[in-house]
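Subject: Structure handover

Hello,

Here is the structure I promised to pass on. Please open it alongside this email. My notes follow below.

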Amino acid sequence: MLGARPDRHASRQGAVGPGMSGDAGGTATPDRSVLAARFRRVRGNSGLLASRLTPEDQLVQSMPEASPVKWHLGHTCWLLEKLVLERFLVGYTAFDDRFTYLFNALKEPAETAHPAASRHLLSRPALSDVSRWREHVNAAVMRLIEEASTGIWPQIAGWIELALTHEEQHQELILSDIKHAFWSNPLRPAYQESQPTPLTSAPGQSWIAHPGGTAEIGYGGAGFSFDLEQPRHPVILPPFRMAGRLVTCTEYQEFMEDGGYSTASFWRPEGWALAQQEGWKAPLYWFKHGGLWHQFTLSGMRLVDGEEPVCHLSWFEADAFARWSGKRLPTEMEWEVMAAGHRRTGNLLDYGRLHPVTAACAGEGPWQMYGDGWEWTQSPLTPYPRHKPGPFAVGEFAMPRLGAGHMVLRGGSALTPGEMIRATYRHHLAPGSRWQMTCIRLAEDA
């Protein structure tokens, strides 16, 4: 089990990858001892995730969108050095100035960073050197937390919070990326042993009605938040209904058997073109063996469990399924309003299963709002009204990547650290992305 259960700690939130920025304006500053404990926990969890892998595993990059585990470990050190230590720790000496070029992820100007698609070529520095770099940075940050003057502490704390949430984002990427790497290996190795799951059946789909009207979305609390969550603002919602649980593998197989991947009318034109080009016939990591569908998981290969939520679907596939069902994907506003009253707990990384599980629909729905799989919405990524970069905006973290065509996802997955999730979390991916743990929840107009 990693870290703390999400419902016991204040939430921290951000979307995976560039395009986010922190804003601590008007927020509470964490106590030094609390932040020091969080720093040790987050940094330690990254090392724990990597410890199950060989040095050879940690060099693999199986596609341009992914990165080697070693690079993730180094990149999170680079951010702490650049945003925290070199700014605030007097006399700090970088572990190795050459690492800035290798582990910088900012894309402008291009000559300041090693090409993202070629990170698998970085056999040096050795993993042992990256480990020593992490120890060097850890000691320096702990010294800064202890010695920083009271006057500058709120600013330092804000940057450390940003760096730690950024590292939690990369913890999810470590698992998403190594899963794709192991899938690409003919040996199909397992990251961890099979995890026991209860033999339960998913309840029939139910629909939770919302009367619509005026509501508020966006972050407005006193803790750390990201620019894209802000400002909190009113929205007007028509009446709608939301599915009580995620779509299951059995339900998705019905779509497949009914010509889901061979009927263009279910698909957006650009999604249909991509599906034909890539030869999609099933979710990523599914394959047929002996006439039965199997799937590859972080615990290795196993039969598809029809009661579990289907995952590793692109937005195009999710949208096609919704059209086939006569429903639609929820808007991110609808999702946030429905999630706001639910505890931020679920099948997240903290529980160690690393795979979606069958819905347990106890209490008031909707269920599975947090964990299991990121839920695609029909909302494109755009700034909220009156959005302004906050004091912790830097480079590509300052503004949304407008024009990138990304779609918003909500809720977190079985690979998401529980500490960083909340109802206002805005993750975003390109609509053709499949390698992260992405699922489907349906909605409909009332």
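Start with the helix pair. The axes of helix α1 (residues 32–51) and helix α2 (residues 69–88) come within 10 Å, crossing at roughly 160 degrees. That angle is over 145 degrees, so α1 runs roughly antiparallel to α2. The crossing of these two helices is left-handed. From α1, the contact takes in Phe39, Arg43, Ser46 and Ala50. From α2, it takes in Val69, Leu73, Thr76, Cys77 and Leu80. By class, that makes 6 nonpolar, 2 polar and 1 charged residues.

Before you go further, please note that this is a predicted model.

Next, the sheet. Three strands form an open sheet in the order β7-β8-β9, and the pairing is antiparallel. Which strands stand at the edges? They are β7 (286–289) and β9 (300–303). Each has a single partner strand, so one side of each is left without a neighbour in the sheet. From one strand to the next, the twist averages 35 degrees.

Here is how the strands join up:

- β7 with β8 (residues 292–297): the two pair in the antiparallel sense over 4 bridges. Trp286 stands opposite Gln295 in β8. Phe287 stands opposite His294, also in β8. The two strands form a hairpin with 2 residues between them. In that turn, Gly290 has a positive phi of about 60 degrees.
- β8 with β9: this pairing is antiparallel too, over 4 bridges. Thr297 stands opposite Gly300 in β9. Here as well, 2 residues lie between the strands of the hairpin.

Now move along the chain to strand β10 (residues 374–380). Is β10 mostly covered or mostly open? Mostly covered: 5 of its 7 residues are buried. β10 pairs with two strands that I looked at:

- With strand β13 (residues 438–439), the sense is parallel, over 2 bridges. Trp374 has Thr438 of β13 as its bridge partner.
- With strand β11 (residues 407–410), the sense is antiparallel, over 3 bridges. Pro380 stands opposite Met407 in β11.

Leu409 is found in strand β11. Is Leu409 buried or exposed? Its relative accessibility is 0%, so Leu409 counts as buried. What is Leu409 in contact with, leaving aside neighbours within four places in sequence? The contacts include Trp374, Glu375 and Trp376. Tyr425, Arg426, His427, His428 and Leu429 are also among them. Thr438 is in contact with Leu409 too. Recall that Thr438 is the bridge partner of Trp374. As for distance, the C-alpha atoms of Leu409 and Phe224 are separated by 20 Å. Those two residues are 185 residues apart along the chain.

To view all this, I would begin with the α1 and α2 crossing. Finish at Leu409 in β11.

Best wishes

Notes
Residues numbered from 1 in each chain as written. Predicted model: local features only at pLDDT ≥ 70, side-chain atom pairs only at ≥ 80, totals over all residues. Heavy atoms only, no water. Pairing = 2+ DSSP bridges. Axes fitted to C-alpha atoms, helices over the stretch in contact; angles between N-to-C directions. Parallel < 35°, antiparallel > 145°, perpendicular 65-115°, else oblique. Left-handed = near helix turned anticlockwise from the far one by under 90°. Contact = heavy atoms within 4.5 Å. Nonpolar A, V, L, I, M, F, W, Y, C, P; charged D, E, K, R; others polar. Buried < 20%, exposed > 50% of the residue type's maximum accessible area, 1.4 Å probe, protein only.
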